[in-house]
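Subject: Structure handover

Hello,

Here is the structure for your files. My notes on what was found in it follow below.

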Amino acid sequence: MQVTQPSTSINLLDFKSVPMRTFHLTWITFFVCFFGWFGIAPLMPVVREDLGLSKGQIGNIIIASVSITIFARLLFGWLCDKIGPRISYTILLLAGSLPVMFIGLSNSYESFLLFRLAIGVIGASFVITQYHTSVMFAPNVVGTANATAAGWGNMGGGVTLIVMPLVFGAFVGMGYLDASAWRYAMVVPGVALFIMGFVYYFCTQDTPAGNLSDLRKADPNYQAKAKSGESLLSVCKDYRVWALFLAYGACFGIEITIDNIATLYFVDNFHLGLKEAGIIAGLFGMMNIFARALGGIFGDKAGRKFGLKGRIVILSVFLLVEGLGLMLFSAVDVLPWAIAVMLGFALFLKMSNGATYSVVPFINKRAIGMVSGIVGAGGNVGAVLAGFLFKSETLSYRESLFIIGVVVVGVSVISFLLSLPKTVEVSQPELQPAMEKIKA
């Protein structure tokens, strides 16, 4: 019998049921998106030399890569509520593949900046990923499902830091000069994104019960049900949404900032080669294979025992340790210790990511897309603000990391205060995603 309800369990070896097939395709697609989004990051030392970029210009490029994502996440969060995650993801993948493939046409700082800005739209993939897993899984496992799918997808940010220098090296080995090799290397993730656009369209569906278009045809009252959801204004009035906005800026915002600057940081501060620096920086992203999932697992466990307050306290603790770890990392100048401390704060940073989205599905069940979009945009706002620090000609990267660590500690305190007022708990029947009520 075909399952038309959100799954109450996660079976990683299940590739046939709709929720688990969607789970696997979603994290794989998100992985490819991260590969395209940050594919150029480990090649920046070469690009810097080729285009003669200054520290300030590199800072602008970092800001561009994450700034447009703020608006893209809001847009695609809204689109998920309107047209569903399947078509939304297909549009994003096909459109996003183009600037990734064509960034190699850049011949100046200005043109490179514009392409990097356009590539940043791909970051909206996160919102679609979280939306899709949120409607596919029941409340008892939704935090774990969200965190695992996002974590394994985020792992693409680590893999690209390791793999793209090797792809670049392969083109150099074929006889291309460095100035041409980085351009051809970027075609690889662009093609992968384009292919995944078709895979996602033909191999997934919007909900366990079917695609939104089919549900609207099958249920004459469906359109009225859809319109009964929350408005953007009502979502924005919920202070909990903005507390999570800040929290996600302090964890995911810092993650994508580190993805952008890690290779440069190790090249400049520890005098490593491109491949060596890329491998070390890649370890940061590779921790997503388990760390973000742990955040979701701890969030679900705390939620079952202490309710929403428990989830928020877990998030606050993770953020606190992340901030302290960043401050320590900024002061370490011995390579082995720097790697160890980086992995330490990375663990809590990524668990904070997972813990944040173990809270999101419980804030407003009738507007999961909008809440996911706003909170997701907060991650990019954090990255933009951090980017201004790294752009500064008067601050070193070490000083910028220390300041970020202090800010993250402050956000952890704000998150904790969120748990002190009496939290509005939702009754168990209401926790079921809206799609659970829809029958094909």
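Isoleucine 40 is in contact (heavy atoms within 4.5 Å) with Val47, Ile103, Phe112, Arg116, Trp182 and Met186, once its neighbours within four places in sequence are set aside. This is a predicted model, in which local features need pLDDT of at least 70 and side-chain atom pairs count only at pLDDT 80 or more, while totals for chains, interfaces and linings use all residues. Residues are numbered from 1 along each chain as its sequence is written, and side-chain values use heavy atoms, with hydrogens and water left out.

Core

Ile40 is also among the residues with the most contacts inside the largest nonpolar core, alongside Trp37, Met44, Phe112, Phe266 and Phe329. That core has 133 residues. Helix 13 (residues 239-270) supplies the largest share of it, 19 residues. A nonpolar core here is a set of buried Ala, Val, Leu, Ile, Met, Phe, Trp, Tyr and Cys residues joined through side-chain atoms within 4.5 Å. Buried means under 20% relative accessible area, exposed over 50%, and partly exposed in between, with a 1.4 Å probe and protein chains only. Helices are DSSP runs of H or I with at least four residues, strands are E runs of at least two, and both are numbered from the N terminus.

Cavities

How many cavities of 30 Å³ or more does a search of the whole structure find? There are 2. A cavity is a set of points, on a 1 Å grid over the protein atoms alone, where a 1.4 Å probe fits but cannot get out; lining residues have an atom within 4 Å of a point. Grid points are joined across faces, edges and corners, and the volume is the space filled by probe spheres set on the points.

The largest cavity holds about 50 Å³ of space. Its lining consists of Ile40, Ala41, Met44, Ile58, Ile61, Ile62, Arg116 and Asn260. Helix 3 (residues 55-83) gives the most to this lining, with 3 residues. By type, the lining of the largest cavity has 6 nonpolar residues, 1 polar and 1 charged. In this count Ala, Val, Leu, Ile, Met, Phe, Trp, Tyr, Cys and Pro are nonpolar, Asp, Glu, Lys and Arg are charged, and the others, Gly among them, are polar.

The second largest cavity has about 40 Å³ of space. Ile258, Ile261, Ala262, Tyr265, Phe266, Phe329 and Met342 form its lining, and helix 13 accounts for the largest share, 5 residues. The lining of this second cavity has 7 nonpolar residues, no polar and no charged.

Alanine 41

Alanine 41, one of the residues lining the largest cavity, sits in the loop between helix 1 (18-37) and helix 2 (44-51). Alanine 41 counts as buried because its relative accessible area is 2%. Not counting residues up to four places away in sequence, alanine 41 touches Leu161, Asp259 and Asn260.

Other buried positions

Alanine 355 lies in helix 17 (residues 335-359) and is buried at 0% relative accessibility. With residues within four places in sequence left aside, alanine 355 is in contact with Gly295, Gly296, Ile314, Leu315 and Phe318. The C-alpha atoms of alanine 355 and arginine 311 are separated by 6.9 Å, and the residues are 44 apart along the chain.

Serine 97, in helix 4, is buried at 0% relative accessibility. Beyond four places in sequence, serine 97 touches Gly190, Leu193 and Phe194. Serine 106 is in the loop between helix 4 (85-102) and helix 5 (109-119), and its relative accessible area of 0% makes it buried. On the same terms, serine 106 touches Ser111, Phe112, Phe115 and Arg183.

Cysteines

Cysteine 33 is buried at 1% relative accessibility, and cysteine 80 is buried at 0%.

Histidine 271

Histidine 271 is in the loop between helix 13 and helix 14 (274-286). Its phi is near 55°, a positive value in a residue other than glycine. Most residues other than glycine have a negative phi. Histidine 271 is exposed, with a relative accessible area of 68%.

Regards

Technical notes. On a 1 Å grid over the protein atoms alone, a cavity is a set of points where a 1.4 Å probe fits but cannot get out, and a pocket is an open set with protein on both sides within 12 Å along at least five of seven lines; lining residues have an atom within 4 Å of a point.
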